[in-house]
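Dear colleague,

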There are 2 protein chains.
Amino acid sequence: MEGTVEVRFVAINRIHCRDDYRARFEELFQSRAHAIDRMPGFCGMQVLRPQKPDEPYLVMSFWESEDAFRQWVGSPEFLEGHKRGFDDLRAARERGEEPPMTSAFVTYEVIAR
Amino acid sequence: MEGTVEVRFVAINRIHCRDDYRARFEELFQSRAHAIDRMPGFCGMQVLRPQKPDEPYLVMSFWESEDAFRQWVGSPEFLEGHKRGFDDLRAARERGEEPPMTSAFVTYEVIAR
């Protein structure tokens, strides 16, 4: 995103939220840890709220390369950045509840801009 | 994308391509008309090729506001920018063939970055 480096790879995390978890979900990202910002090859991110409520939220991260993205997924920064969300998932599991959100990564190469 | 203005709205066009149309589809965007670049409030675009071939291509456009996006959809630049693609669709229809691609817009507000 931010100007000088070239985005070549995009990872999109599609997140379905329970209705009663939406406000918490949005707050988690609006007060995010910024751990990902320290990763080499990270170019920026955007969290997108769908205008149609049946669509998932999209968490998009922009990278110089696929390798930079893979490094992040295996890094301490990944765990640090997701700590509060992972805690919420574990707490729901311990209470025997459905998870408040489900997520799935889809990955892309940038072929034109 | 490009630095100074704030992206507040994102439109994603999900495009399913027939296998035999993929090369043409990619070429259309790699030699795109750049008509959209003239629109007020346009912040950039990315064309994303999925790593899993059953996922659609994503054409993402980034805007200062929803209004800027809506202005574009109703503009001469929208028709100019899509001319070759629309011609391909019409030619397929005239030959009685299935369309080589299908597309659907999904729209989002940026709630964090």
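This is a predicted model: local features need pLDDT of at least 70, side-chain atom pairs count only at pLDDT 80 or more; totals for chains, interfaces and linings use all residues.

Residues are numbered from 1 along each chain as its sequence is written, and chains are lettered from A, with ligands numbered from 1, in the order in which they are written.

To begin with chain A, its secondary structure comes to 4 helices and 4 strands, where helices (H or I, at least four residues) and strands (E, at least two) are DSSP runs numbered from the N terminus. Read from the N terminus on, the elements of chain A follow the order β-α-β-β-α-α-α-β. The radius of gyration of chain A, taken over C-alpha atoms, is 15 Å, close to the 13 Å that the globule rule (2.2 Å times the number of residues to the power 0.38) gives for 113 residues, so chain A is as compact as a globular protein of that length. Along its principal axes, the C-alpha trace of chain A spans about 45 × 35 × 20 Å. Buried residues, meaning those with 20 or more other C-beta atoms (placed from the backbone) within 10 Å of their own, make up 22% of the 113 residues in chain A.

The strands of both chains come together in a closed barrel of 8 strands, which runs S1(A)-S3(A)-S2(A)-S4(B)-S1(B)-S3(B)-S2(B)-S4(A) with antiparallel pairing; two strands count as paired if DSSP finds at least two bridges between them. From one strand to the next the twist averages 35 degrees, with axes taken as lines fitted to C-alpha atoms, for helices over the stretch in contact, and angles running from 0 to 180 degrees between N-to-C directions.

Within chain B, 9 bridges join S1(B) to S4(B), which run antiparallel, and B:Val10 stands opposite B:Tyr108 in S4(B). S2(B) pairs with strand S3 (residues 57–63) of chain B over 6 bridges, also in the antiparallel sense, and B:Trp63 in S3(B) is the bridge partner of B:Phe42.

In chain A, helix H2 (residues 66–73) lies across strands S1 (9–17), S2 (42–50) and S3 (57–63), running at about 45 degrees to S1(A).

As for the contact between the chains, it takes 27 residues from chain B and 27 residues from chain A, two residues being in contact if their C-beta atoms, placed from the backbone, lie within 7 Å. On the side of chain B that touches chain A, helix H1 (22–30), strand S2 (42–50) and strand S4 (101–112) each supply at least two residues. Of the interface residues of chain B, 100% are also interface residues in chain A, so the copies meet through the same surface.

Finally, chain B can be laid on chain A with an RMSD of 0.0 Å by a turn of 180 degrees and a shift of 0.0 Å along the axis, the superposition being by least squares on the C-alpha atoms of residues with pLDDT of at least 70 in both copies. The two copies are thus related as by a two-fold rotation axis.

Note on methods
A residue is buried if 20 or more other C-beta atoms lie within 10 Å of its own, exposed if 12 or fewer, and partly exposed in between; C-beta atoms are placed from the backbone.
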